[in-house]
Every structure is written in structure tokens, then in C-alpha cells.
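Please consult the sequence and the structure shown here.

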Amino acid sequence: MSVAFRNNIARMEGYQPGEQPQDGGYIKLNTNENPYPPSPMVRRAVMSELKDTLRLYPDPDATRLRRQAALTYGFDLSQTIAGSGSDDLLAMIARAFIGEKDALCCPVPTYSLYETLVRIQGGRILGIPYPDDYTLPARIFRSRANVTMVASPNSPSGTEVPLPVLSRLADSVPGLLVVDEAYADFAQESALSLARERKNVIVLRTMSKSFSLAGLRIGLGFAHTRIIRGLNKVKDSYNMNRLSIAAGEAALRDIGWMERNAGRIKMTRERLVRALPGVGFSPFPSQANFVLAKRAGGKSAAPVYEALKKRKILVRYFDTPRLSGCLRITVGTDAEIDALLSALGKLR
Ligand SMILES: Cc1ncc(COP(=O)(O)O)c(C=O)c1O
């Protein structure tokens, strides 16, 4: 990965290159990580993998992990692919489906990596603005792009596209529909059924958020066998390492652990949403582990972002015309959210 590309990613993630506080006393509410630890079964699986077999290459097909994922989510093994984070799967989709001058259509604002990947391929991005209420824009149904990509729940808005709308979109688009479900475990609905039923839908999941495994880089994709076969042609041979294969399998076997943590995060999210108007911010309805909130009075949120940073609280600020009045706040522990709310109260 080039330095420029890495720096671009770092900026997207909400910190300047070289400024990536691991903890250092910071309350880190800027990159949608999970505040709770992963399942103890993950630790056990990783420890048992730390032996002399580390000298051997990992299984290029990540079969253990994919078999467990297929079982957990109701797919065949041949309909399942694993990636080094869902970023890796997004890169595979771009490599496999976007050639020079091909178009990828997505509602915007959304996850900015989509545009970066399309540009690397020499393709075109057709960004269709979300209306203020973040319902899916009607124009996307008329797009002729060969790939249409929708994050649901979306980042940074946190809003979800209802399943019947995604189903209609799958019928309307001429090519592949990618539903990026990085935050689906915090939401009400999922499009996994579309990946089972339709030949042109791929649903992506990540273990970075709900499973608390951002540091291990595990993503999953579910689609018709033909799509998976296409992605395998452009996949790096050993894209998953031994530790992430073992960890992902263990985390899926102990899915109840993730569900309990997601439940706690959803409770804290509702508390945050209720409290934000009292400290001068209107929240957008969120189905994710973060909340986008708009500062009252049409003022820029930049000074608030800076003031929070001085108090060692990191949230995400986007310096764009559409989002400069907003902050995206990751839902941390109750104590972290209390600290944030108290700081926001003092800054009013
Ligand atoms: C919408 C969306 N998709 C994908 C990802 C990437 O997740 P991963 O850590 O699995 O690469 C993110 C990360 O923030 C995201 O917000």
C-alpha cells in the first residue's frame, strides 16, 4: 500500500497520518470501534494458533471461517467469501467489476473508500445526493451503472434503507447491487435474504464493529456462487492470516457474546440520542453504533470538534459543505458517553 493511499485512509478514518491515539488517555469516539472486548473464545482460538504452524502459509480459502459463516448466516460455502476487513472485499469488487470508464453509482454522502477504489480503477463515480431525510434518492433507481453500492446502515448518517426498498433497487439496477452491512448488527433489518434470492446482490459484513475485532481485519461477503467465483479470481491468494481465520470462526461460534454487546450499545445509543438536543445537537435517527448530530443554529461543528479534542475526546468531523455542521459520534460505553455529554454541556 502506498504512503499516499495509507494517508488517505488515515484521513478518512478521522485522524491525521501519524496521529492515531491508541489510548493515551483519549476517549476515542471517532472510528466506530466497539468499546467492549471480543469474546474470550477469540483469545483462546488466537492463542492456540500461536504455535510452530505459523511458519506455514494460511489456508488461501479461509475454509474454517467461511464454513462457520455459511452455517451462521444460512448460505452454502460456495456463496461465501472472506476478506481482510470488508475494505478488502470492497477492493475486490472494484477490481473485478470496475474497468476504465465503468461507473459505480452510490447515494452520497457515504463511506468515502468507495470513491477512492473506483478512481484507482480509472472508473467513474456517480454520487447521487441523499435528500435531507436520508431516504434513498429516486434517481438511483434509474442509474445505468454496472455497480450500485448502498451502505445500510449508512455512514456517516447512520440511517437504514428498508429491505423492500433494497429489493426494488435490486430489480431496477442493470448490474451488481452491493449492500454494505458493516453496521447491520445494530440495525433492525438485513438484506442477507436478497443475497440468497437474487443473482445480482452481494451483501458485505465486517467483524470490526459488532464483533469488536477491528484489529484483526475480518470481512465476509455473501452472494450467488457466480459472483463469488468472480471475486476469487482477483483475490490476493493469502488475504486472510492464520490468526484472523481462527479468530473469526471462534467469534461466530460465540455469536451470543456479540449480540449482548450490540444490545448494550443500542441502549447507550438511545440514551445519547435523547440527550443530544439538551446540549445543542439534533441527532439523525441511527441504526448503527454511531450517531450523526447537527449543531443547532446552522453553526459549524468544527470549533466543537477542536474543543472536544483538547479535552481528549475524539469524534469525527467532516469538512464538507453538507456535513460541516455535524459531528459523527461513536457510541462508546455509558461512562464515555457521559463524559462526552458533560463536555458538550460545558461548551454550549
Ligand atoms: C460503511 C463501511 N463499510 C466498510 C467499512 C470497513 O470495515 P472493515 O474494518 O471491515 O474494513 C467501514 C469502516 O468504517 C464502514 O463504515
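What distance separates the centres of domain 1 and domain 2, taken over C-alpha atoms? The two centres lie 24 Å apart. Domain 1 comprises 3-37 + 256-347 and domain 2 comprises 40-254, with bounds from an automatic or database domain assignment.

The model is predicted: local features need pLDDT of at least 70, side-chain atom pairs count only at pLDDT 80 or more, and totals for chains, interfaces and linings use all residues. Numbering starts from 1 along each chain as its sequence is written.

**Domain contact and ligand shell**

Domain 1 contributes 28 residues to the contact and domain 2 contributes 24 residues; two residues are in contact if their C-beta atoms, placed from the backbone, lie within 7 Å. On the side of domain 1 that touches domain 2, helix H10 gives the most, with 7 residues. Helices (H or I, at least four residues) and strands (E, at least two) are DSSP runs, numbered from the N terminus.

The ligand has 13 residues around it, of which Gly85, Ser86, Asp87, Thr206 and Ser208 come nearest; a residue is near if its C-beta atom, placed from the backbone, lies within 6 Å. Helix H4 (residues 85-97) supplies the largest share of this shell, 3 residues.

**Overall form**

The protein chain has 12 helices and 13 strands, and its C-alpha atoms fill a box of roughly 55 × 50 × 40 Å along the principal axes.
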